Protein chains: 2
Amino acid sequence: MEVRVILVEPKNEENIGAVARVTKNFGFSDLYLVNPPNIGKKAFSVASHASDVLSACTIVNSIEEAIADSAIVAGTTSKPGISVNKHLRMPFFSPQELKKKVEDKRGIVSLLFGREDVGLLNEELMRCDLVVCIPTSPGYPVMNLSHAVAVVLYELRDVGADSGAVSGELPLACLEDKERLFAHISMFLDEIEYRDYKKEKTALMLRRILGRAELTAREVQTLRGILRKAERKMGEDEP
Amino acid sequence: MEVRVILVEPKNEENIGAVARVTKNFGFSDLYLVNPPNIGKKAFSVASHASDVLSACTIVNSIEEAIADSAIVAGTTSKPGISVNKHLRMPFFSPQELKKKVEDKRGIVSLLFGREDVGLLNEELMRCDLVVCIPTSPGYPVMNLSHAVAVVLYELRDVGADSGAVSGELPLACLEDKERLFAHISMFLDEIEYRDYKKEKTALMLRRILGRAELTAREVQTLRGILRKAERKMGEDEP
C-alpha cells in the first residue's frame, strides 16, 4: 500500500511546510496540494529538512485529479457522525481502524485533509470511500491541520514498503539466567544476615521488581557482577 | 494517572501555542514550561481555542520544579539508543508501550519534551525514569516539537479518563525518595570499590531498571534497608 497525503485548499503555507516535514518523518513522500496558496520561504522554513518532499509535491486544481489513481480514498473530519441514519459521516473509522483496513491492500490510499477553517465539504466527504475521525476531546475536537496529518501518518507508518522505524527492544534475559540471579540474590541476603523472618518476603519483592523491569540478558550479568563485587568486599574484610 | 506536558526551554512561541492546542484536543490541560521565551500574541493565535490551557500553564526555572510531584518521568528523544551497552537511551519505549506502562498507575506522569534544536540534554535524559522514542523514519527522524507532543498525547488520550477501576496498584514512590535511593546506590558502588570507569554507567543502568519497574514507596524503603544491611556487614568485618 502506498500512502498519499492530499491537502484540500489549505490556506496557510506554514501548515503545508509542517505537513511536508511530518510526511517525511514517517517515511512517506507523496504529497498533493489542491489549490494551495503560494508556497514561499515560510513553508520551506517550516518544512526544514523535508524541502525535498515540499519541492516534489504535486499541485492540482481538483480533488478528482489528486485521487485519480487511488485504490482507497479516506476523508478526514473532526465532526463524526452522530446518527446511524445518515451515511455521510457514518460509520467512521479511527486512524487505528484505518490502518487495519488498508494494511493488507495494494495500491494507493489517498488521505484527504480539508481546509483549516471548514474542513472537507459534504460533497467532498461523499466522494470518499471511508471517513476517518481522530478521537479527540469533545471539549475541543478540531486539531491543527498538520497535527491531524501527524497522527494519521503515525498510525500508518508501517504501511507500505519502506518503514525503517526501529524498536528499542533488546533480547530479554532467559529464564535460566534470571533464576540464577534470583538464587544469587537470596544467597546475598543470607550473607548480609538479613533477618530470617523477612528474608523470603524481601526476596520475592526483588523478584517482582526485577520481573516488572523485564531485564535484558546484559543487565542480569551486570547485576550479578555487582553482587559478586559486594561479596568480595565483605570477604576481603573478614578477619 | 494524570498526564503533564513539560516543554524544556522551547525557543519558538508558535510551538508553545501549538502544544497548548493539541494538549486540549486530547483532553489534557496540565502544561509546564521550563524557561520559555516571552509568550505573546503569536502563541495565543496558534493556540486558537486552547488559550485557557496556555494562560493556565505553569512557568518554572528548572526541570526539578516541573517534575517535583511526578510518579513517572518520561523523556522523549528522536535519537534512540543503538548499543545494548549504553543505558542512557536504551531500552526505549514507543508511545504505545508508554501507554501500556502507565495506564493503570496512579499519580502524575510527566512527559518531557526538549528544545527544538538539541532536544533534551544527556543529563536531563539521565534524570528520567524512562525514555520514549516515536518510531520515525531514519531518513528524517526529528519531528517538529508540537507534532511529537501530538503523537504521544494521541496515544495517551484514554489514560486518566476513567480512574474508577480498582487494581492491585499501590502508591508509587515519590521522586524525592527515589533520588535518595539512587544516591544511596551510587554510594554503595563506591563502597564495594566498583571500578570507576564503569561506575557511572552501572548507576545509570540501575536507574533505568528501577525506573522501568515503577517502584512503590515501600519497595524503595526495603531496597535502602538491604543496602544499609550490606554496608553494616562490610563495616562490621573491617579490621
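How many residues of chain B are in contact with chain A, and with how many residues there? The points below take this up, then turn to the fold.

1. **The interface.** This is a predicted model. In it, 51 residues of chain B are in contact with 50 residues of chain A. Helices H1, H7, H9 (196–213) and H10 (217–236) of chain B each give two or more residues to the side that touches chain A, and so does strand S5(B). H10(B) gives the most, with 7 residues.

2. **Its make-up.** The side of chain B that touches chain A has 27 nonpolar residues. A further 13 are polar and 11 are charged.

3. **The sheet of chain B.** Seven strands form an open sheet with parallel pairing, in the order S3-S2-S1-S6-S4-S7-S5. Strands S3 (58–60) and S5 (92–93) of chain B are the edges, and each pairs on one side only.

4. **The S1–S6 pair.** Strand S1 (residues 2–8) and strand S6 (residues 108–113) of chain B run parallel, joined by 6 bridges.

5. H1 (residues 13–25) of chain B lies across S1 and S2 (30–34), at about 170 degrees to S1(B). H7 (residues 145–156) of chain B also packs on the sheet. H7(B) touches S1, S4 (70–76), S6 and S7 (130–132), and makes about 155 degrees with the direction of S6(B).

6. **Chain A.** The secondary structure of chain A comes to 10 helices and 7 strands. Of its 239 residues, 37% count as buried. Among contacts in chain A with a separation of 6 or more, 82% link residues 24 or more positions apart.

Notes
Residues numbered from 1 in each chain as written. Chains lettered and ligands numbered in written order. Predicted model: local features only at pLDDT ≥ 70, side-chain atom pairs only at ≥ 80, totals over all residues. Helix = DSSP H or I, 4+ residues; strand = E, 2+ residues; numbered from the N terminus. Buried ≥ 20, exposed ≤ 12 C-beta atoms within 10 Å, placed from the backbone. Contact = placed C-beta atoms within 7 Å. Pairing = 2+ DSSP bridges. Axes fitted to C-alpha atoms, helices over the stretch in contact; angles between N-to-C directions. Nonpolar A, V, L, I, M, F, W, Y, C, P; charged D, E, K, R; others polar.
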